[in-house]
Amino acid sequence: MGARRGIDYIERLKNNPPETWIGKEKVTDPTTHPLIAPAVQSIARLYDSQWEPEKKPYMLSNSPDTGEWIGNSFLVPKSKEDLALRRLMHRDWAEETYGMMGRSTDFMSAMLTAWYVNSDFFGPYEENVRNYFEHVRENDLYLTHVLIDPQVDRSKPPSEQPDEFTYLGVVKETDEGIIVRGAKMLATAGPYADEMLVWPFHLRKPTEKDYKYAISFALPLNTPGVRLISREPFTRKSVYDHPLSSQFDELDGVVIFDDVLVPWERVFIYQDVERVNTIWKLNSNAMTGHQTAIRLQAKLQFLAGLVMKSTEMVNTNQFPHVQDMMGEITTYIELIRAAVIASEVTAQPNSAGIYMPNVTPLYAIRNSGNRWYPRVREIIQFAIAGGLMYQPADAGVFDSPIAGDIRKYYRGADVTAEEKIKLFKIAADIAVSDFGSRHELYERFYSGDPMFLRIQTQYTAYDKSESLALVDRLLASYELEKPVQEGVGK
Ligand SMILES: Cc1cc2nc3c(=O)[nH]c(=O)nc-3n(C[C@H](O)[C@H](O)[C@H](O)COP(=O)(O)OP(=O)(O)OC[C@H]3O[C@@H](n4cnc5c(N)ncnc54)[C@H](O)[C@@H]3O)c2cc1C
């Protein structure tokens, strides 16, 4: 099949719906469900956009196997130019949703591309990973991933949770595959994705009773026994009143595995503590970090524009501290832009001539973005202030007895009430809504606990040699008996 269009994605989802529960309601068709369909439509638009003639040169390339068009999110980069192509592709997918859909399909495709590039890591299951990547690429599938153990008792290992299979583990082996039971959080986009990739984010103990939790595999989301329990959707009906949450609410859900068969060909790591604990060796953070940095850049650019335009409408953009806050957002944007380019320019080929982005500058952005984003949301609140609450409940007011009040008191310095309310409702949707709060939580946590992430990547595993060498050089330049000043001026 190769690269899909929106209609292909929707048809497949309609025919293979994941078993999703919203409260006590079992969703039968996510493509028409009022709380899920808007996100489905947004994803469908992404699939369509990759075929737009002016974008096709960087969105698609030819499959090395079939020659058909495939998405460039699966492109194995063989040069720095390929990394630049990937950047253009990620940028377009991010801009298409204003950076609001963190788990657009290019995120997981980037991750799986890294798994494919480093598939020898999987030892006896290497072939399974390679075949799976090719299957996903050739069918342009939309993946989510579920890694986190359910938040039941964080003080205890998997084997000491209240039930042996609270955390996902192997119940038994059969000729066809393994039977797994337990739960995982959180499958962002799970209710409308095609498949999920599973492995444990938390380290596993090298003790026999914890082996069964050291697994990785992939499955279609509509596999029998798989259930998704969705959080409360934040989807709203009116695009005018809720321009973002009406279109881009990425649903998150807990995945329950109720004695699910994972066929052997879909098993990637099996009861192997050493491998699940060293999965970072796949360097998938280089590929996903490229995508997440580019997406964050698009999101911050959009939000910067939002603050610039809304403060201009009421002339608060003349005040120095408001300008300073807008300058803070653009500073973050430029740091991301520089880090992305640095990750490409300093990329080094591996022994097979494949260029993964240099992960070091991308880690710096990941470890900053999770702190910058809450600050940017705060800036929107400081800069627009009561304006975020000073909007009529819905667009119906323009056709009501109070329309005159609205036109008189809701206008801006030089713009009509219609223009101003339209813009300020976007700002309110990201700054003070439930949808906006979820975005703050997402940016803080989507790649793990921000504190542990920074400790691991910016301190424990960070190359400290340059910093220490500078200190050592100065230390070596003087001694207690011979102060630096001795002899000066003689
Ligand atoms: C909106 C959203 C979308 C997400 N999407 C996905 C997704 O698509 N796929 C996916 O797999 N995951 C997803 N996640 C999960 C995300 O990866 C986790 O939220 C993140 O790793 C933090 O884990 P946790 O939520 O279980 O928090 P916890 O690990 O329970 O942490 C809670 C608090 O306890 C502290 N803490 C926990 N353990 C320890 C410890 N051992 N020592 C000291 N302090 C500790 C933490 O520092 C934190 O302050 C998503 C999360 C959010 C919020």
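Which backbone nitrogen does a side-chain oxygen of Ser79 reach at the start of helix 4? Before I answer, a word on the basis of this talk. The model is predicted: local features need pLDDT of at least 70, side-chain atom pairs count only at pLDDT 80 or more, and totals for chains, interfaces and linings use all residues. Residues are numbered from 1 along each chain as its sequence is written, and side-chain values use heavy atoms, without hydrogens and water.

The nitrogen is that of Glu81, and the oxygen of Ser79 comes to within 3.3 Å of it. Helices here are DSSP runs of H or I with at least four residues, strands are runs of E with at least two, and both are numbered from the N terminus.

Helix 4 covers residues 80–96; its 17 residues should span 24 Å at 1.5 Å a residue, and the end C-alpha atoms lie 25 Å apart, which agrees. That expected span is 1.5 Å times one less than the number of residues. Just after helix 4, Tyr98 has a positive phi of about 55°.

Strand 1 (residues 20–22) runs parallel to strand 10 (residues 226–230) over 2 bridges, and Thr20 has Leu228 as its bridge partner.

Notes: A polar contact is a pair of N or O atoms within 3.5 Å; within protein, one must be able to donate a hydrogen and the other to accept it, and residues adjacent in sequence count only if both atoms are side-chain atoms. Two strands pair if DSSP finds at least two bridges between them.
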